[in-house]
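User: I would like to learn how to read a protein structure feature by feature, with the general idea before each case. Could you guide me through the one shown here?

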Amino acid sequence: MTITSTRNAARHDFVQATFEDLGRPLSDVTFVVVDLETTGGRASTDGITEIGAVRVRGGQVLGEFQTLVNPGQSIPAFISVLTGITDSMVAGSPRIDQALPAFLEFARDSVLVAHNAPFDVTFLKTATAGLGLTWPGFPVIDTVHLARQLVSNDEAPNRKLSSLATLFGATQTPDHRALHDARATVDVLHALIARVGNLGVQTLEELQSYTSRVTPAQRRKRVLAAGLPSKPGVYIFKDATGRPLYVGTSVDIRRRVSSYFTASEQRTRMAEMVAIATEVTPIVCGSGLEAGVRELRLIAEHKPPYNRRSKRPEKAVWIKLTVERFPRLSIVRSVRDDGATYAGPFGSRGQAEAALEALHDVLPLRRCTGALVPGRRSACALAELGKCGAPCTGQQSHQEYAEIAGRAQHALSADAATIIQALQDRMVELSVQERFEDAGIVRDRMLSLVRALARTQRIAPLAAIAELVAARRSAGGGWEVVCVRHGRLAGTTVTPPRADPTPYIQAMVAAAEVVSEPVPPMPAAHPAETEQILDWLEQPGVRLVDIVGSWTCPRGGVGRQRELLAARPMP
């Protein structure tokens with residue numbers, strides 16, 4: 001086993017390569033270029049016969065590692081012909097339990113590089129596991145992958161190490177001996193880094209994720225991430241006029257924004273957005289909840305063209321049971337203080353119509369929109385089909401109709417169990433008749449109804465609470481504290497570690513946003529914001545500090561039925 005070092009090696013302080021800082025220049029990265037010779041191609045059954053490695057940084061060789069390894073098994077004749085390594089050569093060599101720990105120490109705090117890296121890394125990982133050791137989790141660069149992106153067929157007939165060594169004029173000719181091949185790979189690596197450098201790749205993360213799909217223009221935009229904070233919050237891509245193009249959130253703003261200029265971002269529309277963007281505005285937030293809420297509000301306010309969700313909350317619709325002598329169901333765009341019963345909101349009119357049909361499948365409510373004219377002689381076709389009691393002709397009394405309307409009101413506001421059971425029975429009936437398409441329609445309508453009712457019954461109780469203060473432990477040791485008023489995030493703070501949280505909570509509540517009481521069941525915020533708050537409140541470890549009012553949910557609510565229906569296949 002031989003380890004050699006250059007004079008300058010001792011002058012460097014080796015720093016473990018991480019991806020936390022995406023701006024790390026390649027010149028500061030320590031690479032260990034490794035090559036293995038083995039008894040065959042299967043790591044599970046074959047063994048390592050030789051390890052060769054070169055440690056480099058900034059184009060300079062810092063040291064070399066070479067050892068033959070006794071694999072504990074015969075080396076096949078064709079392998080000996082290929083590598084020149086025979087059983088007699090390795091008979092007195094160290095076993096893998098000695099050679100591997102020495103190599104891992106040599107490679108410590110580096111980025112591994114290999115030609116066809118999956119082969120070498122798999123053998124190393126398998127040997128490490130076989131010895132009961134922990135694999136260090138080296139970042140890995142594969143020169144074959146880079147060559148496929150950077151070397152054209154006109155330049156080389158293939159991407160073999162020998163072909164690339166010839167193309168780039170490597171000082172060492174590869175000959176299937178581990179150290180020789182590792183040296184040749186060093187020259188290939190440096191030549192490939194020079195090529196990607198001309199294309200704007202200058203950091204370790206960019207090299208590891210390099211693909212020709214990312215244009216030089218896109219990489220040059222990485223300067224937009226310079227100076228951004230490595231803290232949680234919201235980021236806003238803007239064009240030359242200052243118009244927001246895209247709003248996002250991250251626990252690390254700089255790292256997330258930097259990823260838009262690498263191969264890790266593969267969405268076509270994001271590449272288009274980056275091409276237009278000229279600046280990124282960060283908004284640092286104290287918690288993930290604050291960041292999520294800010295994102296929703298900014299999207300609703302600016303309607304960025306490259307955001308897809310929550311851009312137009314005003315387009316949400318509700319199901320309404322009207323307040324009339326003979327109530328009916330309708331789809332409306334707003335909740336009013338008119339004594340009616342509402343359910344929703346629905347993300348689209350199509351979903352609302354499906355839920356409406358689910359109710360009409362069970363409840364024979366009238367569907368006519370005009371005023372009922374006394375003394376009408378003939379009913380509509382729905383009455384003939386048994387889907388309406390025809391109160392317009394007097395066939396159904398006001399009391400009889402009020403009973404049906406009461407069932408609808410109870411289902412929308414409290415307990416829809418009987419409605420859902422009737423829909424499930426109808427699905428079974430249709431399935432028995434082998435009318436599976438019709439059964440699927442009933443199922444889809446029922447799911448739309450259940451999801452809407454579950455959403456209403458979850459949001460409405462929080463929307464009714466004038467003020468709720470809750471807290472949970474933060475990662476830094478203090479407390480994340482939120483003040484919620486009528487379902488809207490009115491204030492938030494993070495207390496210092498080991499400090500009494502009481503004065504911070506009192507100051508936060510005093511400075512919190514004044515929120516007017518909304519018309520129930522609508523919260524004082526976009527329902528998506530209220531749902532984000534509920535998700536936070538329902539996390540383990542959240543403590544209720546104070547509440548003005550009561551927090552209750554319908555005993556017969558459909559939340560549990562939504563979970564059951566999602567897990568149950570159609571009959």
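User: Which residue stands opposite R473 in β14?

Analyst: A word on the source comes before the answer: this is a predicted model, in which local features need pLDDT of at least 70 and side-chain atom pairs count only at pLDDT 80 or more, while totals for chains, interfaces and linings use all residues. Residues are numbered from 1 along each chain as its sequence is written, and side-chain values use heavy atoms, with hydrogens and water left out. As for the general idea, strands of a sheet pair through backbone hydrogen bonds, either parallel or antiparallel. Two strands count as a pair if DSSP finds at least two bridges between them, and helices (H or I, at least four residues) and strands (E, at least two) are DSSP runs numbered from the N terminus. In this structure, R473 has W479 of β14 opposite, and strand β13 (residues 467-473) is joined to strand β14 (residues 479-485) by six bridges in the antiparallel sense.

User: In what order do the strands of the sheet with β13 and β14 stand?

Analyst: The order is β15-β14-β13-β16, an open sheet of four strands with antiparallel pairing. At its edges stand β15 (488-494) and β16 (543-548), and because each has a single partner strand, one side of each is left without a neighbour in the sheet. Neighbouring strands of this sheet are turned by 15° against each other on average, with direction ignored.

User: Which helices lie across strands of this sheet?

Analyst: Such angles are taken between axes, which are lines fitted to C-alpha atoms (for helices over the stretch in contact), and they run from 0 to 180 degrees between N-to-C directions; contact means heavy atoms within 4.5 Å. Helix α19 (residues 527-537) lies across β13, β14 and β15, at about 50° to β13, and α12 lies across β14 and β15, at about 140° to β15.

User: How are β10 and β11 arranged in their sheet?

Analyst: They belong to an open sheet of three strands in the order β11-β10-β12, with antiparallel pairing. The edge strands, β11 (329-332) and β12 (341-346), each pair on one side only, and the twist averages 25° from one strand to the next. Four bridges join strand β10 (residues 317-321) to β11, and I319 stands opposite I331 in β11. Helix α13 (residues 349-362) lies across β10, β11 and β12, at about 170° to β11.

User: Which strands pair with β5 in the parallel sense?

Analyst: Strand β2 (residues 30-38) pairs with β5 over three bridges, where F31 stands opposite V111, and strand β6 (residues 140-142) is also joined to β5 by three parallel bridges, where L112 stands opposite V140. Both faces of strand β5 (residues 111-114) are covered, with V111 and V113 buried on one side and L112 and A114 buried on the other.

User: Which residues are closest to the centre of the largest pocket?

Analyst: On a 1 Å grid over the protein atoms alone, a pocket is an open set of points where a 1.4 Å probe fits, with protein on both sides within 12 Å along at least five of seven lines, and lining residues have an atom within 4 Å of a point. Of the 21 residues that line the largest pocket, the closest to its centre are D35, E37, H115, H176 and D181. The largest share of this lining, four residues, comes from β2.

Conventions. Buried < 20%, exposed > 50% of the residue type's maximum accessible area, 1.4 Å probe, protein only.
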